[in-house]
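Subject: Structure for your review

Dear colleague,

Please find below the structure that I am handing over to you. My notes on it follow directly after.

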Amino acid sequence: MVHESNGSYYAVIFSSQRTEGENGYNIMAEKMEQLATQQPGFLGVESVRDSSGVGITISYWESLDAISNWKQHQSHKVAQEKGKQDWYQNYKVKICKVEREYSF
């Protein structure tokens with residue numbers, strides 16, 4: 001979940017369709033989530049995937065610079081390439097500014 005924020009922040013929405021087979025995906029996904037939590041500007045992550053392989057992961061960041069730094073992180077770049085080759089049939093990334101948050 002998202003840590004409390006005192007203003008606007010950013011959400012990176014990663015929607016994807018997985019390929020057949022595990023192929024080391026779960027280990028890398030856990031490693032990337034753990035590594036992301038150590039990055040400056042990281043606020044939190046939420047992720048779901050259904051039985052057909054469709055998934056949505058939303059990571060939250062303090063700034064566009066924090067997002068850019070994470071995208072360029074060497075270990076993350078390796079995972080991105082592996083994703084294109086082995087894990088995803090397709091994916092889409094959207095970066096959004098969150099102006100307000102509330103919950104029940």
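This is a predicted model: local features need pLDDT of at least 70, side-chain atom pairs count only at pLDDT 80 or more; totals for chains, interfaces and linings use all residues.

Four strands make up an open, antiparallel sheet, and their order is E2-E3-E1-E4. The edges are taken by strand E2 (42-49) and strand E4 (88-98); each has a single partner strand, so one side of each is left without a neighbour in the sheet. From one strand to the next, the twist averages 15°. The antiparallel pairing of E1 with E4 extends over 10 bridges. Within the sheet, glutamine 17 is found opposite asparagine 90 in E4.

Serine 16

Serine 16 belongs to strand E1, which spans residues 9-18. Is this residue, serine 16, buried or exposed? Its relative accessible area is 5%, and because the cut-off for a buried residue is under 20%, serine 16 counts as buried. Beyond its neighbours within four places in sequence, serine 16 is in contact with Arg49, Gly53, Val54, Gly55, Tyr88, Asn90 and Tyr91. With one of these, arginine 49, there is a polar contact between the two side chains, at 3.2 Å. By way of reference to another part of the chain, the C-alpha atom of serine 16 is separated by 27 Å from that of tyrosine 102, which is 86 residues away along the chain.

The helices

Helix H3 (residues 74-87) lies across E1 and E4, and its direction is at about 140° to E4.

In helix H2 (residues 64-72), the buried residues include Ala66, Ile67 and Trp70. These three residues are on the same side of H2, because they cover an arc of only 100° around the axis.

The aromatic rings

How many aromatic pairs does the structure hold? There are eight aromatic pairs. One of them is formed by phenylalanine 42 and tryptophan 61, in an edge-to-face arrangement with 5.2 Å from centre to centre and 75° between the planes. This pair links distant parts of the chain, since phenylalanine 42 is in strand E2 and tryptophan 61 is in strand E3, 19 residues apart. Both partners are buried: phenylalanine 42 has a relative accessible area of 14%, and tryptophan 61 has one of 0%.

A further edge-to-face pair consists of tyrosine 88 and tyrosine 91, with 5.9 Å from centre to centre and 70° between the planes. Tyrosine 88 counts as buried at 15% relative accessibility, whereas tyrosine 91, at 37%, counts as partly exposed. These two tyrosines, Tyr88 and Tyr91, are also part of a cluster in which ring pairs link them with Phe14, Tyr25 and Trp87.

With kind regards

Key:
Residues are numbered from 1 along each chain as its sequence is written. Side-chain values use heavy atoms; hydrogens and water are left out. Helices (H or I, at least four residues) and strands (E, at least two) are DSSP runs, numbered from the N terminus. Buried means under 20% relative accessible area, exposed over 50%, partly exposed in between (1.4 Å probe, protein chains only). Contact means heavy atoms within 4.5 Å. A polar contact is a pair of N or O atoms within 3.5 Å; within protein, one must be able to donate a hydrogen and the other to accept it, and residues adjacent in sequence count only if both atoms are side-chain atoms. Two strands pair if DSSP finds at least two bridges between them. Axes are lines fitted to C-alpha atoms, for helices over the stretch in contact, and angles run from 0 to 180 degrees between N-to-C directions. The arc is that of the directions from the helix axis to the C-beta atoms. Rings of Phe, Tyr and Trp (its six-membered ring) pair if their centres lie within 6.5 Å; planes under 30 degrees apart count as stacked, over 60 as edge-to-face and the rest as tilted.
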